[in-house]
Amino acid sequence: MTLNSLPAWSALQSHYDAISGERLRDWFAPQNDTAPTRAERLTFDGGGLTIDFSKNRITDATLELLIQLAEQAGVTKRRDAMFNGDIVNITEERAVLHTALRAQSPDAPFHQQVQAEKAKMAAFADKVRDGSWTGYSGKRIRHVVNIGIGGSDLGPKMVVHALHHLASKELDTHFVSNVDGADLYNVLEQIDAEETLAIIVSKTFTTLETMTNAHSMRNWFIQQGCPEDQLSKHFVGVSANPAEVVKFGIAKENVFEMWDWVGGRYSLWSAVGLSIMLSVGPKNFDALLEGADQMDRHFREAPLAENLPVLMGMIGIWYRNFFGSQSDLIAPYSQALHYLPSYLQQLEMESNGKSATLDGGMVDYPTAAVIWGEPGTNGQHAFFQMLHQGPTLIPIDFIAVLTPEHPLVDHHAKLLANCFAQSEALMLGRTLEEAKKVAGPGKEALATHLSFPGNRPTTTIMLDALTPQSLGALIALYEHKVLVQGTVWNVNSFDQWGVELGKILGKVVEADITAASVDASKHDSSTSALIERARKALKR
């Protein structure tokens, strides 16, 4: 049975036709907002987080139908299959067990293996953090450079920056991902070879961008005076291909393991997160895992009607597939979370940006939305104009940290006030009649410019404080939202074949750019012309 032939899908379509013209401000009007209030009915707790869904264009009946759709689409079955270690990544014939990396139960799959690797990470991190691990000249390590791309960069970078207030004062952590030499060069300008440790993170240890940067950094160490036989003091590797790591020149004992049952964009909980552990220490890394495990248990155990990842995912389905929204905005009102939107771009768009169904067919409905965002309050002075008065419907996730991680408490009251006021303004809007009163007598023409349609849906996610636990729960929340939506859309959320073609062609184009001569017939006329321009520029 196809998605849009499920009974709940048809019921939701009829329900959408019935309520799509109704207004949020009317649902919040005193005569309609009776006890328990709309906010009380549509605010839920789980995994250490609180989420207010009340400013969404949903009713109690909407949620009932969305939960029915989740049940009919097999969300519970697929969730349980993932946690049990079944083959849910069917195109690569792999289990999907990032949850095992943070599971506290000794009965979790691969528990001993995971704990042994984490203990190895912790022993290494302690040596670097206490200064007993030194570089070739005997100086302690003061700079850590994480070299990776995609999931080997975005997750660790996001977490290290988010938990900066807990970071070691003795270590600065840098991230290099882009094959553009400017990315690496900018970091090299800030560090001292004698005091630098490089972490090379690549599942295959053949990734073009990562290995290009790794080899350039290796050459830099030698140019700076590091003897080749001392490079092992400055390099460690994280990979599922240890033979390639050793071949690169990293000592076998300095290789940390990845596993093929963990996808790259779900891997920050593993040795891929070594830079996190070095920055904030093993105890805080463990707390990050504990927070994620708490959300995992909520996802497994809570009834679907009270289950935060399920509610997040299904409300997203409501906007994407019934309202026709094309993008989702992530608006963390926390400067520490400024890398969260870019992290979620990969998590959601690489996971569910698919057209092929699990059974090899093609979808005839939209799947992943475009994910974008910027921290508040910066976004208010950039794109919020469009959110308030533009004609495009864009659902928004506001993320609020209720207590600050810094001593400037008076700033925090202003920050939270802006966050809550924006969701209120987007919900209420301003009618033309209200705008006329604001404009004043004789300025009726101005009223159109001062009116706001309102009725813009928002969700507010609240963390009591930005701790490793709450951050772990927040990340896991979005991970499981992806599973929920991918299940409903009947796509494989755990492969990324669309990434591969560009990689293959990229190697061919690179060879042509650097070759002595080129056969122009190998490419289309546009690509051939671009290659020729590049060849001429690089010969200057």
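Tutor: For "active site", the UniProt entry, which is unreviewed, lists Glu350, His381 and Lys503. Keep in mind that we're looking at a predicted model. These three residues are spread over 154 residues of sequence, and they're spread in space as well, with up to 37.5 Å between C-alpha atoms. Of the listed residues, Glu350 and Lys503 are included in the lining of the largest pocket.

Let's zoom in on Glu350. You'll find Glu350 in helix α14. Its relative accessible area is 23%, so Glu350 counts as partly exposed; the cut-off for buried is under 20%. Leaving out residues up to four places away in sequence, Glu350 touches Arg265, Gln345, Asp495, Gln496 and Val499. One of these partners also shows up in a polar contact: the side chains of Glu350 and Arg265 pair up at 2.9 Å.

Now over to Lys503, which sits in helix α20, residues 500-514. Lys503 has a relative accessibility of 43%, so this residue is partly exposed too.

Helix α14 (340-352) is among the elements covering the buried residues of α7, along with β6, α11, α12 and α19. Helix α7 spans residues 154-162 and is mostly covered, with eight of its nine residues buried. Among those buried residues are Leu154, Pro156, Lys157 and Met158.

Note on methods:
Residues are numbered from 1 along each chain as its sequence is written. This is a predicted model: local features need pLDDT of at least 70, side-chain atom pairs count only at pLDDT 80 or more; totals for chains, interfaces and linings use all residues. Side-chain values use heavy atoms; hydrogens and water are left out. Buried means under 20% relative accessible area, exposed over 50%, partly exposed in between (1.4 Å probe, protein chains only). Helices (H or I, at least four residues) and strands (E, at least two) are DSSP runs, numbered from the N terminus. Contact means heavy atoms within 4.5 Å. UniProt positions are given in the numbering used here, feature names are shortened, and annotations may be inferred rather than shown by experiment. On a 1 Å grid over the protein atoms alone, a cavity is a set of points where a 1.4 Å probe fits but cannot get out, and a pocket is an open set with protein on both sides within 12 Å along at least five of seven lines; lining residues have an atom within 4 Å of a point. A polar contact is a pair of N or O atoms within 3.5 Å; within protein, one must be able to donate a hydrogen and the other to accept it, and residues adjacent in sequence count only if both atoms are side-chain atoms.
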